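The entries are below, in the order I worked.

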Amino acid sequence: MSVPSEHADGLADGIELRISGTVQGVGFRPLVSRLAQDIALAGDVKNTSEGVLIRLFGPSEKMDRFIRRLKEEPPGLARIETVEQRHIVDRAPSGFRILESTKSHPETAIAADAAVCKDCVRELFDPADRRFRYPFLNCTQCGPRYSIQQAVPYDRASTTMGGFPMCDDCLAEYRNPADRRFHAEATACPQCGPQLWLERVNHPAIHYRGDEALQTARHLLLQNKIVAIKGLGGFHLACRTNDDAVARLRERKRRPRKPLALMVRDSEAAAAIVELTGASIKVLESVEAPIVLARLKPNTRLSSAIAPGLDQVGVMLPYTPLHALLFEHLDEPLVMTSGNARGDPQIVDNDQARRDLGAIADAFLMHDRPIASRIDDSLVQMVGDQIQTLRRARGYASRPLRLPAGFPVDHPDVLAMGGDIKNAIAVAQRGSVTLSPYVGDLEQAKTFEDLKRLIEVTLGRLDSKPDIVAMDNHPSYRSSEWGQQQATTLGAALIAIQHHHAHAAACMVEHDVPLDHPPIAAIVLDGLGMGEEGALWGGEILLSDYRSFRRIACLKAAPLLGGDQAAREPWRNLMAQLLVAFGPSERWPSSLGSLLTSRPVDLLADAWRVGLNAPDCTSAGRLFDAVAASLNLVPERQDYEGEAAMRLQALATDWLSENEQPDGYPVAMTRDGDGPICIDPTYLWQALADDLSVAAPAGYIAVRFHLALAEALTGALSNDAIPHRTTVALSGGVCQNVLLAKLLRQRLVGAGFKVLESRALPANDGGLAVGQAAIAIARSIA
């Protein structure tokens, strides 16, 4: 860079830097200002809809040092994606200033909400600090972002904090470059910010405010009451972890067995109830502060009803000042589960909470800071020292993913609709794809309405007018139906994407597989997705690139007896497997047939034979359900998606922790002409029946099944009849089974494969939209 010179007309040479990425709402401008003043550079910085714009004037060596330090020392919450630099000639200002924001086409990422930082916690409990015990303190390094943001650029006026004018003290901090709250848009104090209160359900006229509200909430919790707490992105329902409190919560919420998340005071308290590693503690204490699934320790005081039949429980730490104050004098964990009626989205509005949670909670701990966008707690599990995201929401959602090499920056904008279960949408623009927070299951009317609102809000925030709407190829999905309407409304092209191809592509995007990379193998295991020619798939091995795929292997199809009922009642899948493996019920092994004596076997078998509400499906999820039913793990009806499979995994994991690994069950491979290899579990069912007849331990049977599936899938990929690939992606919700994924990984690596697994994106349908977007772009530029 040449040394800047002073022009005769008073103009000076300088540089302009355009920064894109997650650079708003994260303390980026204050850092720029401090760096510039520290290095003695003149200039200015402002937020724009494209990101952050910096102008610098001074000696070239100082500007070089500024750029180097900016890249090396960004704020903790920032993520710089691009830095564009150009030479400018302008009148240099005196000193360095932060300017008002300007608006144009948004190209900046929406910052994620961040857990309360250590500096704010220190102030929270400092009697000499003016924010002592204030539940809504925050700074540039923590606090609400996505949940309060209404538009871009990220300024106070564009958030729900716009209704809280700053007092003189807060305004002075906001304008002071040396202060931690310099341009902290959500900053507040007891004099000018949101306020906290508690309402009793049966006594709405009695309010407790401030610290008294917190003390009353704690007192009620210790009396085994249920308190609805308005948090960062919605309401939680909180109670103690003893049998009485948990039973009361489950009865009122009509949630018999679905696992409940826990909040504990700190990582030391978490380590008293679950097994933690250094890596999992780091995740718990991170700025994202997700719920972390961890293995339960024996002999804790926790009610067994918190996670019935499972060996793990989800734990999280207090991530807001309000939570930190609540736990100040609590030496025990609390249940902290989503504040909603069964199946509905988490509630964010105070009046709606009074209407919908009044029959569940005994009291409301509320505040008056509006929540612009609902956002659930993220859920992760540890795979070794790495996290695997199961639900991508608070702390992670809204961070864009850069599309891999070969995808042009000027590609068409894409709105991807996701699926119907664990829905999340995505918007792809300018070389990146932004995945929305977890939405939920669209069979619930309120969740579907939430999806419609989210699409409108997201497109508005990103100022995107999609050229393409990408949807799942299942025509009856509500997401697909709404995608068709969106395409019509927007005047956009509509592309239907095969479900399992989208799963494979999402994993490929996460691992930066280039656009024109040769096809890789993908093992995609889930509950159900529309395949080709109207067939239902769910246990697939594909050869996949971004534009197309070919099915090379699959599980043997079995009927979904009763259609959708098969996903809810595992015994139907056991019956289906027996019909396919052995034929009529009189040929079934007695150890298995005896489990179905009270079921309408003949009626369902006749319905299957005539093709009545019993479509064939290659589902891996339903195969897990069938094995779980053979062990009577969920005798009647699943309380939540995946319950039977999760119980089966827990059973196998517990047995392996104390016993040697046995041999897997035998599985056959067949092939019809040039069609895909068929993984046939007939021999598996005969061997399993033999184990049952000699009263083999249930855990032993569960382990043998997991081993059989891992070995069969690896064997299919290694078969000489299909094209060999050195890379294989694992995706689909069943691949979130840690035991199955571990067994698969070991065998695939041993066979010479490089294995790609979903980590930052959910392997379940929560990551589906990213794959849909990538495929739509790839096809549009073919």
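These entries cover strands, a helix, salt bridges, a pocket and cavities.

**Entry 1: source**

I am working from a predicted model. I keep that in mind throughout.

**Entry 2: strand β23**

I began with strand β23, residues 520–530. Is β23 enclosed or open? I find nine of its eleven residues buried, so the rest of the structure largely encloses the strand.

Next I looked up its partners. β23 runs antiparallel to strand β24 (residues 536–544), and eight bridges join the two.

Isoleucine 523 has leucine 730 of β30 as its bridge partner.

**Entry 3: helix α20**

I checked the length of helix α20, residues 698–717. With 20 residues at 1.5 Å each, the helix should span 28 Å. The end C-alpha atoms are 29 Å apart, which agrees. I also looked at cover. Of the 20 residues in α20, 16 are buried, so I log the helix as mostly covered, with buried meaning under 20% relative accessible area.

**Entry 4: salt bridges**

How many salt bridges does a search of the whole structure find? It finds 48.

Arginine 354 with glutamate 199: the closest N and O atoms are 2.6 Å apart. The pair links distant parts of the chain, 155 residues apart. Arginine 354 sits in helix α10 (residues 350–357), and glutamate 199 sits in strand β6 (residues 196–200). I have arginine 354 at 31% relative accessibility, which makes it partly exposed. Glutamate 199, at 5%, counts as buried.

Lysine 422 with glutamate 641: the closest N and O atoms are 2.3 Å apart. Both partners are in loops. Lysine 422 lies between β18 (414–416) and β19 (426–429), and glutamate 641 lies between α17 (620–630) and α18, so the bridge ties together parts 219 residues apart in sequence. Lysine 422 is partly exposed at 24% relative accessibility. Glutamate 641 is partly exposed too, at 49%.

Glutamate 757 with arginine 745: the closest N and O atoms are 2.5 Å apart. Glutamate 757 belongs to strand β31 (residues 754–757) and arginine 745 to helix α21, so this pair ties together parts twelve residues apart in sequence. Arginine 745 is partly exposed at 23%.

I also noted a network of salt bridges, which links Arg374, Asp376, Asp450 and Arg453.

**Entry 5: second largest pocket**

I then turned to the second largest pocket, with a volume of about 720 Å³. Its lining has 24 residues. Nearest the centre lie Arg295, Gln312, Met382, Thr653 and Val738. Which of them gives the most? α21 does, with six residues. By class I get ten nonpolar, nine polar and five charged residues.

**Entry 6: cavities**

The cavity search gave nine cavities of 30 Å³ or more. I looked into the two largest.

The largest cavity holds about 140 Å³ of space. It is lined by 19 residues, with Pro135, Leu232, Thr320, Pro321 and Arg369 closest to its centre. The lining comprises twelve nonpolar, five polar and two charged residues.

The second largest cavity holds about 120 Å³. I find 18 lining residues, and Gly25, Val26, Gly27, His183 and Glu185 are closest to the centre. Helix α1 (residues 28–39) contributes the largest share of this lining, three residues. The classes here are eight nonpolar, seven polar and three charged.

How values were computed:
Residues are numbered from 1 along each chain as its sequence is written. This is a predicted model: local features need pLDDT of at least 70, side-chain atom pairs count only at pLDDT 80 or more; totals for chains, interfaces and linings use all residues. Side-chain values use heavy atoms; hydrogens and water are left out. On a 1 Å grid over the protein atoms alone, a cavity is a set of points where a 1.4 Å probe fits but cannot get out, and a pocket is an open set with protein on both sides within 12 Å along at least five of seven lines; lining residues have an atom within 4 Å of a point. Grid points are joined across faces, edges and corners, and a volume is the space filled by probe spheres set on the points. Helices (H or I, at least four residues) and strands (E, at least two) are DSSP runs, numbered from the N terminus. Ala, Val, Leu, Ile, Met, Phe, Trp, Tyr, Cys and Pro count as nonpolar, Asp, Glu, Lys and Arg as charged, and the others, Gly among them, as polar. Buried means under 20% relative accessible area, exposed over 50%, partly exposed in between (1.4 Å probe, protein chains only). Two strands pair if DSSP finds at least two bridges between them. The expected span of a helix is 1.5 Å times one less than its number of residues. A salt bridge is a side-chain nitrogen of Lys or Arg within 4 Å of a carboxyl oxygen of Asp or Glu.
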